[in-house]
Structure formats: structure tokens, C-alpha cells
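Dear colleague,

I am passing on the model we talked about, and I would be grateful if you could look through it beside the notes that follow.

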Amino acid sequence: MEYPEIDAYSSMDSPIHRFDPRAKIVSFTFLIFSLVFVNDIRVAFSGLVFSFFILLVSRLPPGFALKRIRMVFFFLFPLLLVMPLTVEGREIANISGISVTLDGLIFASLIIMRALAAVTLALTMLATTRFDMTMKTLYALKIPGTLVQMLMFTYRYIFVITDEFSRMWESMECKGFSLKANYHGLSIFGNMLGMIIIKSYDRTRRVYESMVSKGYSGRPRTLVHLKMSAKDYVLSTCMVGIAIFVHAYQFI
Amino acid sequence: MHISDGVLSFQVIATGWIIALILNAIILWRCKSRHDMAEEIPKISIMTGAFFVASLVHVSIGPTSVHLLLTGLLGVVLGIMAFPAMLVGLTLQAFLFQHGGITTIGINNVMMGIPALLAYLIFRYGYRKGINASVLGIICGALGVILSGIFLALMLITTGEEFTEIAYAIVVAHIPVMIIEGIITGSVVTFILKVRPELLPLDREV
């Protein structure tokens, strides 16, 4: 199993890395929500090009980014095959009585472009900031502390439990177990899952006690002071401007 | 199964966020007034982490493979806190693995969180009535998956008629996952009841 290391390249240097985390999260989120609802395929394409441009500016390694963006494409690719057959509209081809429509093709490409633009932006936003910094930014943005703490702890324990899971999985494979979709395989796997849950439950006790002994009271305290510079204001104004423009251009 | 960005209409996404935020606020407020949050936060987070890791496992059936949803099991183990736990899990999944989408976190939370809550209620009610726990586990596991599938199909149909055929296909595709999850959930619940029965929130009040 792989670790979900989203911030492996957060120590690099680029204009996006230097962007103030608060302004970054707000303007990227705004842009994502805006691009996801565009209805014109040309606008969606421009949005996709723009998000790839941001990715290029951030200088993240292409392999790292493409591996993650590819997943979304594979997930949505079936739409491109199915929708031309199911959506009614202008016909472009007729395969033994089944009509292939242009409208279906356009609609499926629109969906894929919107999704790819969103995932590219989200990836750039998260990969250019250290994860703990992102969490501190969420506190600064007044997201409820309970949720931010749950996000932070869950993220941290995903790594621990991945290790634990891999250990148990290896020892089961050493004894000849392989997961197949039959009753025996699934119920053995269920027992292993039960063990993971029990182990994690026991761990919660120990973690809580050690945290309390270090002064944890459920209220977070951060020592980071963020400061916005003129560059941050310009960049976020640009991004928010683009986000508004893709919807407002038809009224101008 | 979750919806990615760019598929659903604005109305569906907005409704999803509103329902998810209201339900989360109510549940967290209720939990805050009954328990010490300093103790609950690490507990729920670590359990969410465990479910997160477990849901990455792929089971191969024939030529394809499915990954586990564990909706029903999450409800049975965490009780009503399954709903905020699902929010945290989905957020991390969207950002760390690019599964699902960012704008659809709200609707995905509703789609998978409500079946989890129902699974919890059914399990508690059935257990008090004296129904065999492994049978209940199988029912809750299966129900969690198929309800999520049906919710997903309904959302696609409300978004546009273009999706009708795809929606039917999705419900059919959920049937094998439903069987697999039913068996796994039944076996997990039996195991936990044998080894550590106090872990299940059966005697606790809601």
C-alpha cells in the first residue's frame, strides 16, 4: 500500500508555493466551484487549459501530477463511450441501427473537462502547501475546530494504520491467504478487518491519554502568523475575477 | 461509489451541501453536549482512519475489481458519529487520492452518510429485539451499499434525463458489491461481538 503523500513537493519554490495559504485556499476553491458549473464546452476547455497553466507555473513534477489526474480521467472515460449512444440529438454515425449522437459526445467531453479542471486545481492547491500548514489555514479561515482536528488526526493515523494493515496483510499472505470473492475469503478478511478496528480502538485510548498528559484540552492553539502581501492580493483577485468571468461573460 | 466533479447540476450540489452541513451541525452539537469532545475527537479520527485504509482494499470479481465502501459497518461501529466521520473521510479521499470530487463532498456525504445512519438504527433496533447479530450485520452491510447506489442513481436522474440509462447500470453494478459487503460486515460484527463487545454502541444512548 502506498502512503497518500500529497505534500511531498511542498518544499519547492514557485509563485504558487509562495502564494499566501489563506488566499490560495479561498481563491482556488472559488475557481473550482465556478469551473465545475460552466455549460459551454469552449469555456470548459479554456478553464482546463488555465488550470494546466497554473499547474505548470507551480513546477510540480509532471509525473506526480499526471498520475493523480489520470485516475479521474479513467473513472469518467466510460461516459465518453456510453453517452453518445444514450443521449438524443444530432446524429453523426449509425452503427447497425444504433445512432451515435454529437450531443452525447459533447456532453460527455464537457463533464470530463470540468472534472479534470477541478482536480488539477485541487491538486495544485494542496500539493504546494505543507499539510499541517493547510490545516492551520483552515483554523485561520474559521472552519469549526472540531472538524479541522478530525481531519488532522485522521490524516496522521492513515499512515499508522496503513503500516499496521500492511503488516497483518503480509503475515496473512505468508500463511497462504489470498483475497478472493468467495464466502471463505471474505469472512476471513472480515475477521482481519475486525482486528484492525479493535486495534485502532485500543490505540485511541493510548493516544488520548498521552495527548492529555501533554496538555491537550480539545482546543487548538497555533503559533503561525500569516501576512498577506500585495502580490497575494493581485493573484487572488485575478483568480476570483476569472471565476466570475466564466459565468458573467454571456451577460456582457 | 462516489460522484466526481462536473457531473451534477448546481441545484443537486447545493442541496447536498445544505443537508450535509445541517446534519453535521446537529450531530456535532448533540455530541458536544453529551460527551467530552477532547476525548471523542481522537477516538473518532482514529476509527475514521481505520475505515479509510480498509476502504482502499480491492476485491477482484472476474475481470474487474471493486473497492469496499463499508458504509453499513461504519454506521454500526460509530453510531451517529458516522456522519461527520464520513465527511472527514470523503474530504481526505477527494484531496489525497482524487477519488470523488471536491464540490461533491456535500452530496457524497449525504449519499453515504444517511445509509450509515439507517444501518446503525436497524442494527440497534434488531439487536434489542434479539435478532442474530451476524444476520443483522449482513443486512446492514448490504443495505448500506444498495441504498448508496439508489441515492446515487436518483441524483443522476434529477440532474438530467441524459443519465437515466447510466443510473440503472449503476444500481445493477452495486449488486455484487452489496453481496460482498454483506458477508464482510456480518463477519466483522460477529468477530467484534466475540472479542470486544463493548466497542459496538449498542447500550449507549443515541
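How many helices and strands are there in chain A? Chain A has 9 helices and 2 strands, and please keep in mind throughout that this is a predicted model. Followed from the N terminus, the elements of chain A come in the order α-α-α-α-β-β-α-α-α-α-α. The radius of gyration of chain A is 23 Å, whereas the globule rule gives 18 Å for 252 residues, so chain A is more spread out than a compact globule. Along the principal axes, the C-alpha atoms of chain A fill a box of roughly 65 × 60 × 30 Å. Of its 252 residues, 34% count as buried, and among the contacts in chain A with a separation of 6 or more, 77% are accounted for by residues 24 or more positions apart.

The domain assignment divides chain A into domain 1, given as 15-129 + 227-251, and domain 2, given as 139-213. The C-alpha centres of domain 1 and domain 2 of chain A are 33 Å apart.

Chain B can be described in the same terms. It contains 7 helices and 2 strands, and along the sequence these follow the pattern α-α-β-β-α-α-α-α-α. With 206 residues, a compact globule would have a radius of gyration near 17 Å, and chain B, at 17 Å, therefore agrees with that expectation. The C-alpha trace of chain B spans about 50 × 40 × 30 Å along its principal axes. Buried residues make up 57% of the 206 residues in chain B, and residues 24 or more positions apart account for 75% of the chain B contacts with a separation of 6 or more.

Next comes the interface between the chains, where 60 residues of chain A are in contact with 51 residues of chain B. On the chain A side, at least two residues each are supplied by α2 (21-35), α4 (62-86), α5 (102-127), α7 (145-174) and α8 (183-213). Which helix of chain A gives the most to the side that touches chain B? That helix is α8(A), with 18 residues. Sorted by class, the side of chain A that touches chain B has 44 nonpolar, 13 polar and 3 charged residues.

From α2(A), the contact is made by A:K24, A:I25, A:F28, A:L31, A:I32 and A:L35, and from α5(A) by A:R114, A:A117, A:A118, A:L121, A:A122 and A:M125. By class, this contact of α2(A) with α5(A) has 10 nonpolar, no polar and 2 charged residues.

A:K180 and A:S109 are 71 residues apart along the chain, and their C-alpha atoms are separated by 36 Å.

With best wishes

Definitions and conventions:
Residues numbered from 1 in each chain as written. Chains lettered and ligands numbered in written order. Predicted model: local features only at pLDDT ≥ 70, side-chain atom pairs only at ≥ 80, totals over all residues. Helix = DSSP H or I, 4+ residues; strand = E, 2+ residues; numbered from the N terminus. Rg over C-alpha atoms; globule rule 2.2 N^0.38 Å. Buried ≥ 20, exposed ≤ 12 C-beta atoms within 10 Å, placed from the backbone. Contact = placed C-beta atoms within 7 Å. Nonpolar A, V, L, I, M, F, W, Y, C, P; charged D, E, K, R; others polar. Domains from an automatic or database assignment.
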